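Student: Could we go through this structure together? I would like to begin with the terms.

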Amino acid sequence: MPCSAPKPRDDAPFGVYLDYYTQRVGLTQNRLSVCARINQSRMNKIANERIKDVSVDTLLNLCLVLHLNREEAEDLLSRKERAFSPANPMHKAYMILIDK
């Protein structure tokens, strides 16, 4: 069941936002990893911020599973110091999917 928890503070770290969005759509971290096709161990490390260098493609995949809008997706990526590249055709495709 989706949660109604308040949105985290603007200065909250990536992991807090990932947990918030995961709960908002009613997923567990395990289910998120399955839907995003990320190994559970790696997903735990990403969520707990033990892996700092997460690819944009992995983050965008999480954004799609979490049904984030463009603003939320850009914010989540920025918390991992990542950004969309308009020159990358795959990123353009992800953005089309996110905007739907």
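Tutor: Let us start with contact, which means heavy atoms within 4.5 Å. This is a predicted model, in which local features need pLDDT of at least 70 and side-chain atom pairs count only at pLDDT 80 or more, while totals for chains, interfaces and linings use all residues. Residues are numbered from 1 along each chain as its sequence is written, and side-chain values use heavy atoms, with hydrogens and water left out.

Student: Which residues is Thr22 in contact with, leaving aside its neighbours within four places in sequence?

Tutor: With those neighbours set aside, Thr22 is in contact with Leu27, Thr28, Gln29, Leu32 and Leu66.

Student: And where is Thr22 placed?

Tutor: Thr22 belongs to helix α1. Helices (H or I, at least four residues) are DSSP runs, numbered from the N terminus, as are strands (E, at least two).

Student: Is Thr22 buried or exposed?

Tutor: Thr22 is buried, its relative accessible area being 6%. Buried means under 20% relative accessible area, exposed over 50%, and partly exposed in between, using a 1.4 Å probe and protein chains only.

Student: What does the side chain of Thr22 reach?

Tutor: That side chain reaches the backbone oxygen of Leu18, at 2.7 Å.

Student: Turning to the largest nonpolar core, which residues touch the most other members?

Tutor: Leu18, Met43 and Leu62 do, in a core of 29 residues. A nonpolar core is a set of buried Ala, Val, Leu, Ile, Met, Phe, Trp, Tyr and Cys residues joined through side-chain atoms within 4.5 Å.

Student: Which helix gives the largest share of this core?

Tutor: Helix α4 does, with six residues.

Student: What is Met43 in contact with, apart from neighbours within four places in sequence?

Tutor: Met43 is in contact with Leu18, Gln29, Leu32, Ser33, Ile38 and Leu62.

Student: New topic: how many salt bridges does the structure hold?

Tutor: There are five. A salt bridge is a side-chain nitrogen of Lys or Arg within 4 Å of a carboxyl oxygen of Asp or Glu. One of them joins Arg9 and Asp11, with the closest N and O atoms 2.8 Å apart. Arg9 and Asp11 are exposed.

Student: Which residue meets Glu72 in a salt bridge?

Tutor: The side chain of Glu72 meets that of Arg24, at 2.8 Å from N to O. Glu72 lies in helix α5 and Arg24 in helix α1, so this pair ties together parts 48 residues apart in sequence. Glu72 is buried, at 14% relative accessible area, whereas Arg24 is partly exposed, at 23%.

Notes
Polar contact = N/O pair within 3.5 Å; in protein donor to acceptor, adjacent residues only side chain to side chain.
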